[in-house]
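My notes follow in the order I took them.

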Amino acid sequence: MDSNGIQNGMNNEFNNGAGNAQAQQKAPNIFMQFAYSFVPPKYGRLTKVKTGSMIGFVTLFMLVITLVSFVAMGLQYIVSGGVEEILDELPDFELADGVFSIDEEYMLDEGSTFVFLSEYEEVFTSDDVRELSSMGYRTILLVTRDKICMLNNGQYQEYYFYQMGSDIELNKEWIVNFLMPVIWVFLAMFFVLFFVFRSFWYFVCAAVYLLIAMLIALICQKKVSAGDLFRVAVYAKVPMFVVALLLSVLPFVHFSVPGILRTVITIVIVGFGVWSLPQKN
């Protein structure tokens, strides 16, 4: 074989090797980004993702998360018969001049929902709601003559009716004929706004984790660009988001991951992700 043939063979081998190396370094697609986010040692590959692709992934991820949450709420609404069916079973009631009245006591105890309505002056407190919550109820509504206590998605709220003002008047007929159609419109608007805010907030939180990632990189004496660390922060948030979603939509699960624990686990994932990144020259 002459020298030209040898040279061409070496060039072809070099080009093939370069092509294979380039293929290996190809940025993960949107599905691989999701899979790799659960595997911190793969975060080195995720640093190859372009900014536009990363934003697209987070946007799609937040859209899916929001859709699943609302679909789960819708299914729960259908299974429970919906508000309309509950209203059909309710006795006539009225809220006027800061006082709630109802023809007869009403109680709904179905699945993880507990509702009690009465016009007596008995006052419920957060302790009563906490006790019901410990029994497995996730949606709780307690209404008496002067006060309302409720628990939904772990959030407790209570109001005295006089705080709403004496001009507020509600009754069963008004809710059925006017309020329910309006609620559906507001739910659609809320869905869009919630999705936009949640996507924006995701990146804000990722920026906070970026600071933690920079500190971890400094401790580990790793020379890594801020862009790579930000990608670590973005993808490290995915696992706990998915876990929290599953716990919130599964009907047989009656607990959630505390926010502080979610934060700690995410920081641990960030730490492993930073540790696994290749050193920059």
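I began with the buried residues of helix α10, where buried means under 20% relative accessible area, exposed over 50%, and partly exposed in between (1.4 Å probe, protein chains only). In α10, I found Thr266, Ile269, Val270, Gly271, Gly273 and Val274 buried. The model is predicted, so local features need pLDDT of at least 70 and side-chain atom pairs count only at pLDDT 80 or more, while totals for chains, interfaces and linings use all residues. Residues are numbered from 1 along each chain as its sequence is written, and side-chain values use heavy atoms, with hydrogens and water left out.

I then checked the length of α10. The helix covers residues 259-276, which is 18 residues, and spans 26 Å from its first C-alpha to its last, close to the 26 Å expected. The expected span is 1.5 Å times one less than the number of residues. I took helices (H or I, at least four residues) and strands (E, at least two) as DSSP runs, numbered from the N terminus.

Next I looked up how α10 meets α9 (residues 238-249). Their axes come within 9 Å and cross at roughly 145°. Axes here are lines fitted to C-alpha atoms, for helices over the stretch in contact, and angles run from 0 to 180 degrees between N-to-C directions. I noted Pro239, Met240, Phe241 and Ala244 on the α9 side of the contact, and Arg262, Ile265, Thr266 and Ile269 on the α10 side. Contact means heavy atoms within 4.5 Å.

For α8 (residues 226-236), I found nine of eleven residues buried. Among them are Asp228, Arg231 and Tyr235.

I turned to the sheet. It is open and mixed, with five strands in the order β3-β4-β5-β6-β7. The edge strands, each pairing on one side only, are β3 (106-110) and β7 (155-160). Two strands pair if DSSP finds at least two bridges between them. β6 (residues 147-152) and β7 are antiparallel over six bridges, and asparagine 152 has glutamine 155 in β7 as its bridge partner. Helix α6 (residues 126-134) packs on the sheet and touches β4 (113-117), β5 (139-143), β6 and β7. The direction of α6 makes about 145° with that of β5.

Last, I checked the cysteines. I found zero disulfides, a disulfide being a pair of cysteine sulfur atoms within 2.5 Å. Cysteine 149 counts as buried because its relative accessibility is 1%. Cysteine 220, at 34%, counts as partly exposed.
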